[in-house]
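Please read the report below alongside the sequence and the 3D view. It covers surface patches, ring pairs, salt bridges and backbone features, in that order.

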Amino acid sequence: MKKTCLLVMPLHFYSFGRIIGRALEEMGYEVTEANDEYPQNPFGRIIAKLDLPVARWWTRRIFRERFLQQKRWDLVLIVKGRGIGPELVTDMKDCATRVVGYHFDALTYDRSCQRWGSSVDRVTTFDFRDAREMGWPVVELFSAQAPITPPPPLRYRISAIQRNHSDRLAFLDRVMTTLGTDDSFVFLYEKGIISLSMNALRNPRLYWKWRKHISFKALTYAEYVDALSSSDFTLDYAHPMQTGSTMRSFEALALGVKLITNNPHTVESPHFDDRNCVGFALDGDPAELLAKVDALRGHRPGTFQRSPAMFLAEVIGDSGASEPTATGG
């Protein structure tokens with residue numbers, strides 16, 4: 001019989017749940033998915049975001065009714081777990097062989113994992129700062145995209161494919177003003193009219209300047225990979241509250257594309273160095289950025305796919321997982 005896994009995570013978060021679920025199935029698990037907060041609608045997200053006790057009560061009630069009653073799980077994997085409290089983890093442990101947790105956010109932005117992290121058998125985080133402060137192991141994110149062989153020809157000197165939030169637009173503008181927009185690919189996705197209005201009010205001058213690159217319709221994954229894999233450099237803007245490396249970083253790594261990132265902690269990863277990563281703060285020196293980019297221009301670094309299976313082996317705590325070596329030059 002297959003091992004059983006209850007995968008608990010934000011199911012609305014892009015295709016993250018589908019990727020993780022498929023990788024668990026490839027590892028031999030029969031996977032049942034559950035959202036990490038209930039009710040599973042905008043109201044549920046609001047009360048969980050506000051960290052109201054009713055959110056944890058509601059989520060626990062749904063879990064006890066749907067997923068824990070007369071059930072037995074070999075593994076319960078909690079990712080983020082915003083609506084979960086230690087009482088629900090105790091319920092899970094009563095009907096599971098192993099309960100593990102992972103936080104792909106920063107505690108400064110979402111502290112839910114800190115509330116229940118000590119109750120699970122193992123908890124890990126993507127955030128370097130949280131790992132140091134909490135004593136949790138770092139497990140970096142992954143790329144579902146494998147290297148492309150042979151790599152496509154370079155069509156873009158630089159690509160910027162981003163959902164607009166915080167200071168991303170200001171970062172994009174500063175980098176592009178420094179490096180120039182010739183042979184570039186810029187795509188800014190707005191989630192909706194409310195997001196558009198708030199971002200436009202935040203910086204109307206830049207919004208007007210980059211208006212032709214803003215869209216309510218996201219790129220398809222194939223379009224995204226095509227643009228990214230054909231880029232010499234790509235922009236990576238991590239949320240200021242997070243210190244962990246983004247999935248964009250690992251997708252670029254798998255495709256042999258160099259990063260320009262605002263995240264100074266990316267170089268703490270063993271996968272990034274001055275051959276494939278250029279650090280640049282929003283208030284950084286443009287001349288220094290230009291010099292670093294010129295030094296690497298046209299050089300394709302080695303490719304490396306940190307796969308979902310590698311990621312899961314570390315999250316679950318499978319010490320038998322092996323690390324593949326990088327390829328290329």
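## Surface patches

Ile 46, Leu 50, Leu 52, Val 54 and Trp 57 make up a nonpolar patch on the surface, and their accessible area together is about 490 Å². Patches are built from residues with over 30% relative accessible area and no salt bridge; nonpolar side chains (Val, Leu, Ile, Met, Phe, Trp, Tyr) are joined within 5 Å, like charges within 9 Å. Areas are calculated by the Shrake-Rupley method with a 1.4 Å probe, and for residues only the protein chains shown count as cover. A salt bridge here is a side-chain nitrogen of Lys or Arg within 4 Å of a carboxyl oxygen of Asp or Glu. Val 54 belongs to helix 3 (residues 53-68). Helices (H or I, at least four residues) and strands (E, at least two) are DSSP runs, numbered from the N terminus. Val 54 counts as partly exposed because its relative accessibility is 37%; buried means under 20% relative accessible area, exposed over 50%, and partly exposed in between (1.4 Å probe, protein chains only).

The model is predicted: local features need pLDDT of at least 70, side-chain atom pairs count only at pLDDT 80 or more, and totals for chains, interfaces and linings use all residues. Residues are numbered from 1 along each chain as its sequence is written, and side-chain values use heavy atoms, with hydrogens and water left out.

At least two residues of the negative patch come from each of helix 1 (16-26) and strand 2 (29-34). Glu 25 sits in helix 1 and, at 44% relative accessibility, is partly exposed.

## Aromatic pairs

There are 14 aromatic pairs in the structure. Rings of Phe, Tyr and Trp (its six-membered ring) pair if their centres lie within 6.5 Å; planes under 30 degrees apart count as stacked, over 60 as edge-to-face and the rest as tilted. Tyr 156 and Phe 185 have ring centres 5.3 Å apart and planes at 50°, so this pair is tilted. Because Tyr 156 is in strand 6 (residues 156-163) and Phe 185 in strand 7 (residues 184-189), the pair ties together parts 29 residues apart in sequence. Tyr 156 is buried, at 18% relative accessibility.

Another tilted pair is Phe 171 with Phe 280, at 6.2 Å centre to centre and 40° between the planes. This pair joins distant parts of the chain, 109 residues apart: Phe 171 is in helix 7 (residues 168-179), and Phe 280 is in the loop between strand 11 (277-279) and helix 12 (286-296). Both Phe 171 and Phe 280 are buried. Ring pairs also connect Phe 13, Phe 16, Tyr 102, Phe 104, Phe 142 and Phe 311 into a cluster.

## Salt bridges

The count of salt bridges is 17. In one of them, Arg 60 and Asp 91 have their closest N and O atoms 2.6 Å apart. Arg 60 is in helix 3 and Asp 91 in helix 4 (residues 86-94), so distant parts of the chain, 31 residues apart, are linked. Arg 60 is partly exposed at 29% relative accessibility, whereas Asp 91 is buried at 12%.

Arg 132 and Glu 268 also form a salt bridge (2.9 Å, N to O). Lys 292 and Glu 288 form one too (3.2 Å, N to O); these two residues are separated by about one helical turn because they are four residues apart in helix 12.

## Backbone features

Which form does the peptide bond from Tyr 38 to Pro 39 take? This bond is cis, with omega near 0°, and Pro 39 lies in the loop between strand 2 and helix 2 (42-49). The bond from Thr 149 to Pro 150 is cis as well, with omega near -10°.

Most residues other than glycine have a negative phi, and most peptide bonds are trans. Lys 80 has a positive phi, near 70°, and is buried, with a relative accessible area of 11%.
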